[in-house]
Structure formats: C-alpha cells, structure tokens
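I opened my notebook to look up a few features of this model. My entries follow the structure.

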Amino acid sequence: MRFDRGDRHRIVSGCSAGTSQEASAAQSVVGRASEARRTFIFGDPMSNVTCTRRLEWDAMHRIPRHESKCAAFHGHRYAAEITCLAESLDDRGRVIDFGVVKERVGGWIDANWDHTAILQRTDPDPGVAAIAASNASHGRPVYWIDAPPTAEVLAAELARIAQDLLADTGVEVVSLRLWETPNGSAEWRRGVER
Ligand SMILES: [Zn+2]
C-alpha cells in the first residue's frame, strides 16, 4: 500500500490527458501504471527500502563499576527496533513479513531475555549467584554476556543474533535501535561495528 501515492499520481495524469476512446485510454493508463508499479517496486530504487519491527520485553540488569545508580540491580521495559533490508521486495511487496521477525527474533527474546536478568559474566557482585540460582529455579536462567549489559552492548548482541535467526530469509539486519528507557537508546548499524 505504500506505493499507492505514486501510482495514483500517474493515473490522474493519464486521465487528464485523455480526450477520446476513453475505455481504451483508461486501459492504457492502467497498463502504464501497472508497468510503473513493477518498475518502482523491483527496480534499483527499491534496493534501499527497509522495514522495521519493534519488539519489547522486561528484564533486569546492572552495570558493574557504574558511577551512579545503574550499579544497583534494577529493571527496564526494553524495546528493540530491528531494521531489515532486502535487495528486492517479495511478490507480496514486502522486505520481510513483520510476523517472521516477531516469531523468530521475538521468540528468541521471549526465551532468553524476557523476565530474567541480563548480566556481565564477570560481574563480581556477590548478589549475582543468588539471582542466578533463584531465576533458574523459576525457569528463567540469567543471560550472561561478556561485556557490561548497556544499551549499546545489547543492541550489538541482538543485531548479531537477529541476523543469524533471519539468515535464511535473505534479508540483512542493517540497523537495530535498542531502547533501555523511553528517553535513552543505542543504535547498532551495519558497517559501523564491522
Ligand atoms: Zn539500567
């Protein structure tokens, strides 16, 4: 539906120029519009079209050696906006179905990050072991990461995982914005990290 504006413009222009043989002219206009749609969707200009799926979850973390309150164990309502790029749209006009991103990446988040703790593997806080044991007893093992679990680190981690999960679809994860709070986010972009 995102292409309707361009097609409508083309159809209106064609109708205003028509003077006779209206049926034939209309058919011709439709034909031109249809051809334009194909060119517009599958031609080079569309190689830069992306789609973005937002996913949300709840988790606890802390930032070892943080200078302020983020050193304490605390929770966030996280959100990630995963942006995918395809060389061309599929035959239904999509980069990728939003539902596929939700099922695969959202499923991974539900299994690994939602309602648990995301902690640095080398976190020296004495409370870590107790949290890990308690969460495990509730079926929510801690997600261990080899760096401080900041928004920046989690954005890069999720981008890597999302790319793996979507690899067989042919799309590239080109950017991922991870919101730690409604006002604070970090963005991973392909080509910056690699
Ligand atoms: Zn935090």
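In which helix is tryptophan 108 found? I found tryptophan 108 in helix 3, residues 98–112. Helices (H or I, at least four residues) and strands (E, at least two) are DSSP runs, numbered from the N terminus.

Before going on, I noted that this is a predicted model, where local features need pLDDT of at least 70, side-chain atom pairs count only at pLDDT 80 or more, and totals for chains, interfaces and linings use all residues. Residues are numbered from 1 along each chain as its sequence is written.

**Entry: tryptophan 108.** I asked why tryptophan 108 counts as partly exposed. It does so because 17 other C-beta atoms lie within 10 Å. The cut-offs are 20 or more for buried, 12 or fewer for exposed, and partly exposed in between, with C-beta atoms placed from the backbone. I then looked up its contacts (C-beta atoms, placed from the backbone, within 7 Å). Leaving out residues up to four places away in sequence, tryptophan 108 touches Ile161 and Leu165. Leucine 165 is 57 residues away along the chain, yet the two C-alpha atoms are separated by 8.7 Å.

**Entry: helix 4.** Helix 4 covers residues 127–137 and is hardly covered by the rest: one of its 11 residues is buried. After helix 4 comes glycine 139, with a positive phi near 75 degrees.

**Entry: strand 5.** I traced strand 5, residues 172–181, to strand 2, residues 74–85. They pair (at least two DSSP bridges between them) in the antiparallel sense, over seven bridges. Alanine 79 has tryptophan 179 as its bridge partner. Strand 5 also runs antiparallel to strand 6, residues 184–189, with six bridges. There, leucine 176 is partnered by tryptophan 188. A hairpin of two residues links strand 5 to strand 6.

Notes:
Two residues are in contact if their C-beta atoms, placed from the backbone, lie within 7 Å.
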